[in-house]
Amino acid sequence: MAESPAKQNVARPQLTSSMRSSSYLSDHQQYRPPRQPDQFQGIDTVVEDSGNVSSKSTKHVFNGVPSEENPPTVLDSGLSHDYSHPNCAPPLGDKSDRLVATLFYKGKSTGNSSPVKTTFAEGQDSLPANFAPTDDPKKFPLELPTQESEQLDHIYGSYISPLCIAAFLHLMSTFPLERNAGEAHSSHRCLDNPEHPRVVELTLSPSPSPQYLSLEDLRKHEMIYRFEQEWNVDVVLQKDTVWRRHPRLVVFDMDSTLITQEVIDLLAETVKDPPDLPQRVAEITHRAMMGELEFDGSFRERVKLLTGLPASLFTDLRPILDVTKGVPQLIKALKRLGAKTAVLSGGFQPLTGWLAGELGLDYAHANQVVIENDKLTGEVLGIIVGQERKRDLLIEIAKKEGIDLSQVVACGDGANDLLMLDKAGLLGVAWNAKPRVQMEADARLNGETLLDMLYLFGFTREEIEQLIA
């Protein structure tokens, strides 16, 4: 059937020059905004349409060349990027030399915040500040001790403030670098809250010269201690290595670490005769943890005082044990990371083994007491799990699991943990520890939750929440 003449004469629609706008994209959109003269035209459009401009048109709004009448428009993209390389891989032939400093704000609940106490009211565990170092007048210092400064977080904010970070960077800049070291760089990450961070990780490159000051000595430097006191923070210094982010074995003490109490003191509290027994046991425990008494002998002495107690006490004490805040979540996170966990306790195996099963720890070692007729005899079987035994057990577990000591972390609070903390090649953490332990350990944590340990491995709050979910 032939088409009608009307359909044959219909012309194909075309986009004429009068219908075109200054934009090719705009012309071919399904929706075209109302035609308005463009405020700015590109130079390509000016050249392309120059042949169609009528003789009456004398000027363009913008001819592609900025001028005072038509200044260039500068738009802020909102992006900020520093094209430097402080955290990049080093040039071929060089090695990375970065030091990581993790700053923890301690807030009001500071625990044993410093090896040096600031007032007599805080206790007599160590020499108080401004206290005479000797009773001999001939040896007395010629100058008066300096007064401790006021904590600056009361002035500049109860968090890791920018001024706190600046003060720390200035402090670190006073330590000499290697002779041929490049320009010093630093960067920071707020690990928990960017506005008012409680934990901040600083990366410094290059690190201070080990020929001048080793990392071990730098951690114990007097200026670091003073900074911690002034700003109410804990400072943890580590080399930025791949092992820092991948611990494979984490070993804990039990009493005053995984739990908040001392088990032997809890046992003594159940004894009513003599009435002063709990106080005597607690005093011996305190002196042993301070390092004033040899641990093995003091433990046997305390167990002897418990002669005749019913063995059922170990079961009765289970509900009383107060697990330290954050411990269950920390163990869960470590297991999800593939790390092995262990508890090495100077306490008693019946309670230590039970707690390890409740928390999901892989290993549990403690002292075995002799029980006859369902009563404690006051004797201990085998080797006392003191500081030497804890160190040896750490090595044995690492060897059994095929784990290098450079990927081992240990955590404790007492003097009997010092050898274990020292043997952990990755990090030895003093948790709300006694003054001597805080002085000698690689790291000090004096917070409320042991979950803070994950910040030492470089995890952010968001990543920690994913690990414990």
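**Entry 1. Helices 13 and 18**

I began with helix 13 (residues 327-336) and helix 18 (residues 461-468), which pack at an angle of about 85° with their axes 8 Å apart. That angle makes helix 13 roughly perpendicular to helix 18. I note here that the model is predicted. I then looked up which residues meet across this pair. Helix 13 contributes Gln 329, Lys 332, Ala 333 and Arg 336, and helix 18 contributes Gln 466, Leu 467 and Ile 468.

I recorded Arg 461 as partly exposed at 38% relative accessibility, and Glu 465 as partly exposed at 43%.

**Entry 2. The chain as a whole**

I next turned to the totals. The protein chain has 18 helices and 11 strands. Of its 469 residues, 42% count as buried. The chain exposes about 27100 Å², and carbon and sulfur atoms supply 52% of that area. Among contacts with a separation of 6 or more, 63% are between residues 24 or more positions apart.

**Entry 3. Helices 10 and 11**

How are helix 10 and helix 11 oriented to each other, roughly parallel or roughly antiparallel? I found that helix 10 (residues 277-289) and helix 11 pack at an angle of about 170°, with their axes 10 Å apart. Helix 10 is therefore roughly antiparallel to helix 11, since angles over 145 degrees count as such.

The residues that meet are Leu 277, Arg 280, Val 281, Ile 284, Thr 285, Ala 288 and Met 289 in helix 10, and Phe 295, Ser 298, Glu 301, Arg 302 and Leu 305 in helix 11.

**Entry 4. Salt bridges**

I looked up the charged pairs. Side chains of opposite charge can pair when their charged atoms come close. The structure holds 20 salt bridges.

Lys 304 forms one of them with Glu 379, and the closest N and O atoms are 2.9 Å apart. Lys 304 belongs to helix 11 (residues 295-305) and Glu 379 to strand 8 (residues 375-381), so this pair ties together parts that are 75 residues apart in sequence. Lys 304 is partly exposed, with a relative accessible area of 47%, and Glu 379 is partly exposed at 37%.

Arg 391 pairs with Asp 392 in another salt bridge, where the closest N and O atoms are 3.3 Å apart. I recorded Arg 391 as partly exposed at 26% relative accessible area and Asp 392 as partly exposed at 29%.

I also noted a network of salt bridges that links Arg 98, Arg 189, Glu 201, Asp 240, Arg 244 and Arg 245.

**Entry 5. Gly 346**

Is Gly 346 buried or exposed? Gly 346 lies in strand 6 (residues 340-348) and is buried, with a relative accessible area of 12%. Leaving aside residues up to four places away in sequence, I found that Gly 346 touches Asp 253, Phe 295, Phe 299, Asn 367, Val 385 and Lys 390. I also recorded the pair Gly 346 and Met 254, which are 92 residues apart in sequence and 7.9 Å apart in space, C-alpha to C-alpha.

**Entry 6. Backbone details**

Which peptide bond did I find to be cis? The bond from Ser 205 to Pro 206 is cis, with omega near -5°. Pro 206 is in the loop between strand 3 (199-205) and helix 6 (215-219).

I then looked up two residues with positive phi. Ser 256 has a phi of about 65° although it is not a glycine. Ser 256 is placed in helix 8 (residues 254-258) and counts as buried, because its relative accessible area of 19% falls under the 20% cut-off. Asn 432, also not a glycine, has a positive phi of about 40°. Asn 432 sits in the loop between strand 10 (427-431) and helix 17 (435-440), and is partly exposed with a relative accessible area of 21%.

**Entry 7. A nonpolar surface patch**

My last search concerned the surface. Ile 155, Tyr 156 and Leu 163 make a nonpolar surface patch of about 290 Å². Ile 155 is found in helix 4 (residues 153-156) and is exposed, with a relative accessible area of 52%.

Notes: Residues are numbered from 1 along each chain as its sequence is written. This is a predicted model: local features need pLDDT of at least 70, side-chain atom pairs count only at pLDDT 80 or more; totals for chains, interfaces and linings use all residues. Side-chain values use heavy atoms; hydrogens and water are left out. Patches are made of residues with over 30% relative accessible area and no salt bridge: like charges are joined within 9 Å, nonpolar side chains (Val, Leu, Ile, Met, Phe, Trp, Tyr) within 5 Å. Accessible areas come from the Shrake-Rupley method with a 1.4 Å probe; for residues, only the protein chains shown count as cover. A salt bridge is a side-chain nitrogen of Lys or Arg within 4 Å of a carboxyl oxygen of Asp or Glu. Helices (H or I, at least four residues) and strands (E, at least two) are DSSP runs, numbered from the N terminus. Buried means under 20% relative accessible area, exposed over 50%, partly exposed in between (1.4 Å probe, protein chains only). Axes are lines fitted to C-alpha atoms, for helices over the stretch in contact, and angles run from 0 to 180 degrees between N-to-C directions. Angles under 35 degrees count as roughly parallel, over 145 as roughly antiparallel, 65 to 115 as roughly perpendicular and the rest as oblique. Contact means heavy atoms within 4.5 Å.
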